[in-house]
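Take a first look at the fold below. Then follow the text from the whole chain down to single contacts.

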Amino acid sequence: ESFGGDDVDVNEKTMKDEKSYDDTSTETGAVVPTPGVISDDKVVDNNIIRRFIKEALIQGGNARVHGERLQIELCKVSSLLIECLWPGLIEYRKELIKFSWNNLKAEESNSKYWAYVNVCRFIAVYETPSKIIL
């Protein structure tokens, strides 16, 4: 294929220009963080995760009950954290599944659907017993 007088194959040019997803540095030399690893220089550190789980999701050992809209947003954030930062959440697995399971029992359909997404992400990332049936 020829564009603008150049006899360069478009597919060949884009393949040469694209970087691999596994590259750990950018063109400017900045290091791209490894997914799932929490370090001191990140926006979401261990302290924020602990506070999120202990204050927003769980209170007194039980899953907190919020309005439906907030429950949905908390499920979304929890799913995102599980997907992206799962190694840093290993110590909070019990609290995460307790929160999600509590939402599965809810009557509101929208929060229940997001809880299913949350539990599915949890099962995909962490080792769980095979007898769990949703």
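The paragraphs below go from the overall layout to the core and then to one pair of helices.

This is a predicted model, in which local features need pLDDT of at least 70, side-chain atom pairs count only at pLDDT 80 or more, and totals for chains, interfaces and linings use all residues. Residues are numbered from 1 along each chain as its sequence is written, and side-chain values use heavy atoms, with hydrogens and water left out.

The protein has five helices and two strands. These are DSSP runs, numbered from the N terminus: helices are H or I with at least four residues, strands E with at least two. Along the sequence the order is α-α-β-β-α-α-α. Of the 134 residues, 25% are buried, meaning under 20% relative accessible area with a 1.4 Å probe, protein chains only.

Now go inside. The largest nonpolar core holds 21 residues. Such a core is a set of buried Ala, Val, Leu, Ile, Met, Phe, Trp, Tyr and Cys residues joined through side-chain atoms within 4.5 Å. Phe 52, Ile 53, Leu 57, Leu 89 and Leu 96 touch the most other members. Helices H2 (46-57), H3 (68-85), H4 (93-104) and H5 (109-125) each supply at least two core residues.

Which residues does Leu 89 touch? Leaving aside residues up to four places away in sequence, Leu 89 touches Ile 49, Ile 53, Leu 81, Ile 82, Leu 96 and Tyr 126. Contact means heavy atoms within 4.5 Å.

Finally, turn to H2 and H4. Ile 53, Lys 54 and Leu 57 in H2 meet Glu 95, Leu 96 and Phe 99 in H4. Four of the residues in this contact are nonpolar, none polar and two charged.

Definitions and conventions
Buried means under 20% relative accessible area, exposed over 50%, partly exposed in between (1.4 Å probe, protein chains only). Ala, Val, Leu, Ile, Met, Phe, Trp, Tyr, Cys and Pro count as nonpolar, Asp, Glu, Lys and Arg as charged, and the others, Gly among them, as polar.
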